[in-house]
Amino acid sequence: MSAFARLIRFVAKDGRTYYGDAILPPGILDIAQATQARVIRGDIFGKHDVTNHIADVRLLLAPLAREDVKTVRCLGLNYEQHARESKMPLPEYPVLFHKPVTALAGPFDPIPVAAPAREAEGLDYECELVAIMGKEARDIPESEALAHLLGYAVGNDVSHREWQLKRGGGQWALGKGFDGWAPFGPGIVSSRLIKDPQSLKISTKVNGKTVQDSSTRDMIFGVAAVISFLSRGTTLLPGDIIFTGTPQGVGSGRSPPLWLKDGDIVEVNLEGIGSCTNKVEYTLSKPKL
């Protein structure tokens, strides 16, 4: 479907913002290390060309511009071991919630912690495989679901457990929807390159220490099953972003809890895609969308 292999959105040395196909050094798969890209012209969800124009990458941005994103869907309790550490029963159906588009941020943006989120402890990390829709889909079977994807990224479903579980009236969105609390990237790897999204290593480091280390094999509902389920009676659109849940090891599941604090560096990594590295800042830094 897509002409690109590894889609990035970046600011070039000429100061302009482009979509591009990342050029990686031999043996390197982490898109975060891209220093050059072939500029893409056209509609990334439709007809587009990967040109021979090579541009230097000055800054990687969120891999989709805000105007190209339709919705941000997220799944909770979608890894078996995470559900167990949360002392929750395994869900019979995917647990769905939404984040606002303003929660999206780039792979190196700060994680801004606004005043309401500083009122109590509870700031947490969640590494996640992120699936991005490339085709419109409604009522599709699992066997056809992955063919509707633009590709995959890694993301951090930043969460505040106090707001999520105690102040949200039973809804999770308040504790997960602050500005800049869904950094993702560092690019989007085409679904042509990742044939099996259920066999990828996924991890989180906080200040260099590994705190989550798992595999997408532990998902309760795999990516194809999730897309098929979400498309039942509901049209999924090109540019829909789907965070597919986090594995065990979150801060709230530890004793004592491991809460993020001002200045912490959080790195989420997904095999074959790369890393997003974001610094927690008790400021109102604006995501570079």
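This is a predicted model: local features need pLDDT of at least 70, side-chain atom pairs count only at pLDDT 80 or more; totals for chains, interfaces and linings use all residues.

Me: What radius of gyration does the protein have, and what would a compact globule have?

Reply: One compares the value with that of a compact globule of equal length. For 289 residues, such a globule would have a radius of gyration near 19 Å; the protein has 18 Å, so the two agree. Along the principal axes, the C-alpha atoms fill a box of roughly 55 × 45 × 35 Å.

Me: What share of the residues counts as buried?

Reply: Of the 289 residues, 56% count as buried. The protein exposes about 12,300 Å², and carbon and sulfur atoms supply 50% of that area.

Me: How far apart in sequence are the residues that contacts join?

Reply: Consider contacts between residues at least 6 apart in sequence: 73% of them join residues at least 24 apart.

Me: How far apart are the mean positions of the positive and negative charges?

Reply: There are 33 positive and 33 negative charges, and their mean positions are 3 Å apart.

Me: How should I read a helix?

Reply: An α-helix has 3.6 residues a turn, so residues three or four places apart point the same way. Helix 4, residues 223-230, is mostly covered, with seven of its eight residues buried. The buried residues are V223, A224, A225, V226, I227, S228 and L230.

Me: Which elements do the buried residues of helix 4 pack against?

Reply: Their partners include strand 5 (72-76), strand 6 (95-99), strand 10 (127-133) and helix 2 (142-145). Strand 11 (149-156) and strand 16 (241-243) are also among them.

Me: How many disulfides does the structure hold?

Reply: The structure holds zero disulfides. C127 is in none, and the nearest cysteine sulfur, that of C276, is 11 Å away. A disulfide requires the sulfur atoms to be within 2.5 Å. C127 counts as buried because its relative accessibility is 0%; C276 counts as buried because its relative accessibility is 1%.

Me: Where does G245 lie, and is G245 buried or exposed?

Reply: G245 lies in the loop between strand 16 and strand 17 (265-270). With a relative accessible area of 1%, G245 is buried. Leaving aside neighbours within four places in sequence, G245 is in contact with L75, N78, Y79, C127, E128 and L129. G245 and F229 are 16 residues apart along the chain, and their C-alpha atoms are separated by 15 Å.

Technical notes. Residues are numbered from 1 along each chain as its sequence is written. Side-chain values use heavy atoms; hydrogens and water are left out. The radius of gyration is taken over C-alpha atoms; the globule rule is 2.2 Å times the number of residues to the power 0.38. Buried means under 20% relative accessible area, exposed over 50%, partly exposed in between (1.4 Å probe, protein chains only). Contact means heavy atoms within 4.5 Å. Accessible areas come from the Shrake-Rupley method with a 1.4 Å probe; for residues, only the protein chains shown count as cover. Lys and Arg count as positive and Asp and Glu as negative; His and the chain ends are not counted. The place of a charge is taken as NZ of Lys, CZ of Arg, CG of Asp or CD of Glu. Helices (H or I, at least four residues) and strands (E, at least two) are DSSP runs, numbered from the N terminus.
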